[in-house]
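Take a look at the model below.

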Amino acid sequence: MSETPIDPSRRTWLIASGCAGAVGGVATAVPFVSTFQPSEKAKAAGAAVEVDISELKAGEKITVEWRGKPVWIIKRTPEQLAELPKLASQLADPQSKRNPDEFTPPYAQNEHRSIKPEILVCVGICPHLGCSPTDKFATGPQPSLPDDWHGGFLCPCHGSTFDMAGRVFKNKPSPDNLPVPPHMYLSDTKLLIGEDKKA
């Protein structure tokens, strides 16, 4: 039985057709697989964000994005926590009773405004006109701050000052404390920002 020789031009056409089919298959699969990831629109609409805080040390802050806003997670030092109750008379809303539905969920309506006293979770946007305050964790006299400053945040736009619990001081432009977003602990080292109810 004699073998028929293969036409080289036909072989090239078969290889090219096979490659084109494979590329088309991948191009079809990529959009399908990507649908398993939350879209940017879903993230902007408020998809919850999981955060690992295992490496966060006392006195440090990390920032994550939720609903297009910066959310600060701060591990306060024992000294910073000890100052919080001493500031009540200087604050506009020390117990976070103003606009709680918008600014402070029930589990954060306390003097440290948090679930765990040492961990503050708040939205880093001033309620006055939407500027982002800057960290002023160091104590003592500093430009634009009182001489007896105990650490906190300063809004650079109009001078509102907030303590280490995000509570606004009296007679400042901001009408409210920094917002506390919905959040919950998935474990001792994992936070979920954007949800606060277990399924």
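Helix α4 (residues 100–103) contributes four residues to the lining of the largest pocket, the most of any element. Helices are DSSP runs of H or I with at least four residues, strands are runs of E with at least two, and both are numbered from the N terminus. This is a predicted model: local features need pLDDT of at least 70, side-chain atom pairs count only at pLDDT 80 or more, and totals for chains, interfaces and linings use all residues. Residues are numbered from 1 along each chain as its sequence is written, and side-chain values use heavy atoms, with hydrogens and water left out.

In total, 21 residues line this pocket. Glu102, Phe103, Pro179, Val180 and Pro181 lie nearest its centre.

Now the fold. The protein chain has four helices and nine strands. Their order from the N terminus is α-α-β-β-β-α-α-β-β-β-β-β-β. Of its 199 residues, 35% are buried, meaning under 20% relative accessible area (1.4 Å probe, protein chains only).

Next, the interior. A nonpolar core is a set of buried Ala, Val, Leu, Ile, Met, Phe, Trp, Tyr and Cys residues joined through side-chain atoms within 4.5 Å. The largest one holds 15 residues. Trp72, Ile74, Phe153, Phe162 and Leu178 touch the most other members. Strands β3 (69–75) and β4 (119–123) are the elements that give two or more residues to this core. Another core, of 13 residues, lies apart from it and includes Leu56, Trp66, Val71 and Tyr185.

Conventions: Buried < 20%, exposed > 50% of the residue type's maximum accessible area, 1.4 Å probe, protein only. 1 Å grid on protein atoms, 1.4 Å probe; cavity = no way out; pocket = protein on both sides within 12 Å on 5 of 7 lines; lining within 4 Å.
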